[in-house]
Amino acid sequence: MITVKPFNVISNDERGETKSFKVKDYGEFIYITRKKGSLCGNTYHKGQNEGTRLKTFVLLQGEVTVHYRHINSEKSESLKVIAPSVIEIEPLIVHNMHVENDIVILENNSINDIQEDVIRETV
């Protein structure tokens, strides 16, 4: 339903760290910042286009709690995610993110992808 992939460490020294990550091969990203305490989402997608077939978020800074459930289930689950991480959400998974502290996140799709394939529903 949801996969979280930490970044791969390349190096870490007195200057800082270098890490890598991999996401689906889809050329568009949406840059998002959210403040501590805010809530994002309460949606799901049917996966009708390349951008929503696997919703991919790259959490660059901060921490979120992802709440999710399958659309045919009443049981919700939660997962705490700390940056840097890649969050992948399959179609038909109702999801939201509670922002634990200020975040910077990239969403790997376009605004059109979302508008064409979004259903609002509370986790």
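The side chains of Glu 88 and Lys 5 are joined by a polar contact of 3.1 Å. A polar contact is a pair of N or O atoms within 3.5 Å; within protein, one must be able to donate a hydrogen and the other to accept it, and residues adjacent in sequence count only if both atoms are side-chain atoms. The model is predicted: local features need pLDDT of at least 70, side-chain atom pairs count only at pLDDT 80 or more, and totals for chains, interfaces and linings use all residues. Residues are numbered from 1 along each chain as its sequence is written, and side-chain values use heavy atoms, with hydrogens and water left out.

**Glu 88**
- Glu 88 lies in strand β8 (residues 85-89); strands (E, at least two residues) are DSSP runs, numbered from the N terminus.
- Glu 88 counts as buried because its relative accessibility is 10%, where buried means under 20% relative accessible area (1.4 Å probe, protein chains only).
- Contacts of Glu 88 (heavy atoms within 4.5 Å), leaving out residues up to four places away in sequence, include Met 1, Lys 5 and Thr 56.
- Val 23 is 65 residues from Glu 88 in sequence, with 8.9 Å between their C-alpha atoms.

**Thr 56**
- Thr 56 sits in strand β6 (residues 55-70).
- Thr 56 is buried, at 0% relative accessibility.
- Its side chain reaches the backbone oxygen of Leu 54 at 3.2 Å.
- Beyond four places in sequence, Thr 56 touches residues including Val 23, Glu 88 and Leu 106.
- The C-alpha atoms of Thr 56 and Asn 72 are 22 Å apart, across 16 residues of chain.

**Glu 63**
- Glu 63 is also in strand β6.
- Glu 63 is buried, with a relative accessible area of 18%.
- Among the residues touching Glu 63, beyond four places in sequence, are Lys 80, His 98 and Ile 103.

Key:
Helix = DSSP H or I, 4+ residues; strand = E, 2+ residues; numbered from the N terminus. Buried < 20%, exposed > 50% of the residue type's maximum accessible area, 1.4 Å probe, protein only.
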